[in-house]
Amino acid sequence: MSETTFTPRVFSGIQPSGGLTLGNYLGALKRFADAQNQGIQTIYCMVDLHAITVWQNPEDLRNNTRELCAGFIASGIDPEKSILINQSQVPEHAQLAWVFNCVARMGWMGRMTQWKDKTAGKNAEAASLGLFAYPALMAADILIYHATHVPVGEDQKQHIELTRDIAMKFNHDYGVDFFPITEPVIEGAATRVMSLRDGTKKMSKSDPSDASRINLTDDADAISKKIRKAKTDPEPLPSDAKGLEDRPEARNLVNIYSALSEQTVDQVLAEVGGMQFGTFKPMLADLAVAKLTPISSEMARLVADPAEIDRILARGAEQAREITAPILKKTYEIVGMIG
Ligand code: AMP
Ligand code: TRP
């Protein structure tokens, strides 16, 4: 497909739309921190331009962006090892997105399940144009770095496929081999952490029930209570992964245990198979408290010093632009703009 070999580079982003959950931590942040320690360049982004595709109160947006930055750092992303940025502070993202708006087709956007879900039962005519074009900006986030690998949760797979389509169409239309064909990285037991109240629904910050999720800002008591009250079935835990089929709540709790303890599901079940939930849940609660409370206290410490966060983001933007400015310049040249 592509003749050029691109240097491996990891990019991913999260919207600063308020609140981080255990799903964000296991499906994204923890994996971002792990990728950082594998000798590949890593770039992580707070996507504030994506957030405003739906209404955001300006003061909340600013606070949420700083809180998200604190969440990244508290989860182990080290600004000395990774480039940590806020999207709007690196203008090349939005500039490349415009070019991609002209490469992508309306039909591609209309087929995105996130677009369909967000407008289902509502008046799609009243959705912002930005919400419709959202995936083209996401493709620009990735391709303005020539990123080759994008760790995301299962729900973002279709957007990465669209990013590949945009890269291929651009390369084809202009007869170049300029943008890489990016790979989604969706692996591990926790690419889809489910609600604690309903094992068939994704754990989400937008669920009206706070008991359905663990927030990264929850204290030890709240974490324990939510896990003890999590919905389960009456059977004991099975001794192999096959026994979790058709048991979504049991599977979810085992997956969470597996991801937090960094063991495979089979290793976990070798240890806990045959146990009742009354015994397993306190074990899971203790593990979750041990892993998550240091993150929430570090986040609280960091958000208390917003000036320091702003300094980190300003420096990240400077480092990022060393990569993005030449790639945008070259893109404009390919497209036929006078440089
Ligand atoms: P969001 O908060 O939906 O913008 O998601 C930010 C990142 O967290 C994306 O990579 C998502 O795929 C991931 N994510 C969000 N919720 C979950 C979940 N319940 N399980 C796994 N990953 C998730
Ligand atoms: N759309 C992603 C989400 O909602 C966030 C995002 C924006 C992103 N740009 C990205 C993720 C680029 C990975 C790469 O989770």
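Helices (H or I, at least four residues) and strands (E, at least two) are DSSP runs, numbered from the N terminus. The model is predicted, so local features need pLDDT of at least 70 and side-chain atom pairs count only at pLDDT 80 or more, while totals for chains, interfaces and linings use all residues. Residues are numbered from 1 along each chain as its sequence is written, chains are lettered from A and ligands numbered from 1 in the order in which they are written, and side-chain values use heavy atoms, with hydrogens and water left out.

**Exercise 1. Glu-92 and its helix**

Find the element that holds Glu-92, decide whether Glu-92 is buried or exposed, and list what touches Glu-92.

Solution. 
- Step 1. Glu-92 belongs to helix 4.
- Step 2. Buried means under 20% relative accessible area, exposed over 50%, and partly exposed in between (1.4 Å probe, protein chains only). Glu-92 has a relative accessible area of 4%, so Glu-92 is buried.
- Step 3. Contact means heavy atoms within 4.5 Å. Not counting residues up to four places away in sequence, Glu-92 touches Ile-144, Arg-321, Thr-324, Ala-325 and Leu-328.

**Exercise 2. The buried side of helix 4**

Name the buried residues of helix 4, say how they are arranged around the axis, and say what covers them.

Solution. 
- Step 1. Helix 4 spans residues 92–101, and its buried residues are Glu-92, His-93, Leu-96, Ala-97, Val-99 and Phe-100.
- Step 2. These residues lie on the same side of helix 4 because they cover an arc of only 160 degrees around the axis; the arc is that of the directions from the helix axis to the C-beta atoms.
- Step 3. The cover includes strand 1 (9–14), strand 2 (41–46) and strand 3 (83–86), together with helix 7 (129–143), helix 8 (157–174) and helix 13 (306–335).

**Exercise 3. Aromatic pairs**

Count the aromatic pairs, then describe the pair of Phe-32 and Phe-72 and the pair of Phe-277 and Phe-280.

Solution. 
- Step 1. Rings of Phe, Tyr and Trp (its six-membered ring) pair if their centres lie within 6.5 Å; planes under 30 degrees apart count as stacked, over 60 as edge-to-face and the rest as tilted. This rule gives 12 aromatic pairs.
- Step 2. Phe-32 and Phe-72 are stacked, at 6.1 Å centre to centre and with 25 degrees between the planes. Their pair links distant parts of the chain: Phe-32 is in helix 1 (residues 22–36) and Phe-72 in helix 3 (residues 58–74), 40 residues apart.
- Step 3. Phe-32 is buried, at a relative accessible area of 1%, and Phe-72 is buried at 0%.
- Step 4. Phe-277 and Phe-280 are edge-to-face, at 6.5 Å centre to centre and with 70 degrees between the planes. About one helical turn separates Phe-277 and Phe-280, because they are three residues apart in helix 12 (residues 277–303). An α-helix has 3.6 residues a turn, so residues three or four places apart point the same way.
- Step 5. Phe-277 is buried, with a relative accessible area of 7%, and Phe-280 is buried at 0%.
- Step 6. Ring pairs also join Phe-100, Phe-170, Tyr-174, Phe-178 and Phe-179 into a cluster.

**Exercise 4. Asp-218**

Place Asp-218 in the chain and give its polar contact with Lys-226.

Solution. 
- Step 1. Asp-218 sits in the loop between strand 5 (183–185) and helix 9 (220–228).
- Step 2. The side chains of Asp-218 and Lys-226 are joined by a polar contact of 2.7 Å.

Technical notes. A polar contact is a pair of N or O atoms within 3.5 Å; within protein, one must be able to donate a hydrogen and the other to accept it, and residues adjacent in sequence count only if both atoms are side-chain atoms.
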